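The report below describes the overall build of a protein model and then its pockets and its cavity. Please look over the sequence and the structure before reading on.

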Amino acid sequence: MSTIIVPAEVPPVSDDVEQLRKAFEGWGTNEGLIIEILAHRNAEQRKLIRQTYAQTYNEDLLNALEKELTRDFERIVLLWTYDPPERDAFLANEIVKNGAKTHQVIVEIACTRSSHELLLARKEYHARYQKSLEEDVANYTTDDVRKLLWALVTSYRYEGEEVDMSLAKSEAKLIYDKIKENLYDYDDFIRILGTRSKAQINATLNHYKDEFGQEICKNLKADPNDEFLKILRATIKALTVPAKYFERVLRLAINKQGTDEDALTRVVATRAEFDMKAIKEEYKKRNSVSLNEAIAKDTRGDYEDMLLALAGSDDA
């Protein structure tokens, strides 16, 4: 459900590279030309553009873009130009390097990517930073948060749709009993979230709701300010209803108090080639305006143009 529009006939990669070089030359940068090319090429095409640019001009395209662009427009173009595993590695490292208190990015990478995509991100992290993602997550977190995030980033889940209903029922009961005792950090709860397939987790939590009368996340709000419970709720939503999870991230990013450009940029850049269409449908349903309308109202200039190009038309 990609929202980017790739032309039916893409020019030769050498032409794209030459045009990008021209965009950097002269008195000013031609931002429109950069958007016209990069926002309308898929991951494989962008990778080839980068390789060809480096071979032709002996410079990484990312470095050239960094020198020419600024602020939010620079960030979204750079994130978009990365290979997806490289982008995930970069985003994760940014969090652990800055000692950020928010763990949302780690949850997103661990829970909304496939097992193979997560493995590629971990390999890329290892190659780029000479450390493992698991090691850095363990180092920058503590206590229950560490237990949960480490379980998530080290996971390699079964990706099929088969579920064991008797297991779903028994694990739903197990989770319910522990939540009743306020044992949210119960090891088996973390094990279930960190190892079971997404289909199995959905079956377990659907049975939880049917059997005990309430969605699990509503039972995990005992203390709205508890950081571990926040991460636990985010984990469950990211694993089971990713489009709704990302809709909420966007809704909180585009609000009356001001725009969180970092979150808006991250979601659009990471989901445009995957499930942005479903996210946009959820956004329209929840907010009565389209995501494109919200972006156009809250952003300006080249940054707005790049966001809208990646988000695709409302008719797509």
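## Overall build

Of the 316 residues in the protein, 49% are buried, where buried means under 20% relative accessible area, exposed means over 50% and partly exposed lies in between, with a 1.4 Å probe and protein chains only. This is a predicted model, in which local features need pLDDT of at least 70 and side-chain atom pairs count only at pLDDT 80 or more, while totals for chains, interfaces and linings use all residues. Residues are numbered from 1 along each chain as its sequence is written, and side-chain values use heavy atoms, with hydrogens and water left out.

The secondary structure comes to 19 helices and two strands, taken as DSSP runs (H or I of at least four residues for helices, E of at least two for strands) and numbered from the N terminus. The radius of gyration of the protein is 21 Å, close to the 20 Å that the globule rule gives for 316 residues, so the protein is as compact as a globular protein of that length; this radius is taken over C-alpha atoms, and the rule is 2.2 Å times the number of residues to the power 0.38. Along its principal axes, the C-alpha trace spans about 65 × 45 × 35 Å. Among contacts between residues at least 6 apart in sequence, 71% join residues at least 24 apart, a contact being heavy atoms within 4.5 Å.

An automatic or database domain assignment divides the protein into domain 1 (13-69), domain 2 (84-154), domain 3 (165-236) and domain 4 (242-311). The centres of domain 3 and domain 4, taken over C-alpha atoms, are separated by 28 Å.

## Pockets and cavity

Both kinds of space are found on a 1 Å grid over the protein atoms alone: a cavity is a set of points where a 1.4 Å probe fits but cannot get out, a pocket is an open set with protein on both sides within 12 Å along at least five of seven lines, and lining residues have an atom within 4 Å of a point. Grid points are joined across faces, edges and corners, and a volume is the space filled by probe spheres set on the points.

| Space | Volume |
|---|---|
| Largest pocket | about 1300 Å³ |
| Second largest pocket | about 270 Å³ |
| Largest cavity | about 40 Å³ |

The largest pocket is lined by 39 residues, of which Arg233, Ala234, Lys237, Tyr245 and Arg248 lie nearest its centre. Its lining has 15 nonpolar, six polar and 18 charged residues, with Ala, Val, Leu, Ile, Met, Phe, Trp, Tyr, Cys and Pro counted as nonpolar, Asp, Glu, Lys and Arg as charged, and the others, Gly among them, as polar. Helices that each supply at least two residues of this lining include H14 (227-240) and H15 (242-253).

In the second largest pocket, eleven residues form the lining, and Ile254, Val289, Ala294, Lys297 and Asp298 lie nearest the centre. The largest share of that lining, four residues, comes from H18, and the lining divides into four nonpolar, two polar and five charged residues.

The largest cavity has a lining that includes Ala110, Arg113, Ser155 and Lys198.

## Helix H19

Helix H19 (residues 301-311) has as its buried residues Tyr303, Glu304, Met306, Leu307, Ala309, Leu310 and Ala311. Their cover includes helix H2 (31-38), helix H5 (71-81), H16, H17 and H18. Just after H19, Gly312 takes a positive phi of about 80°.
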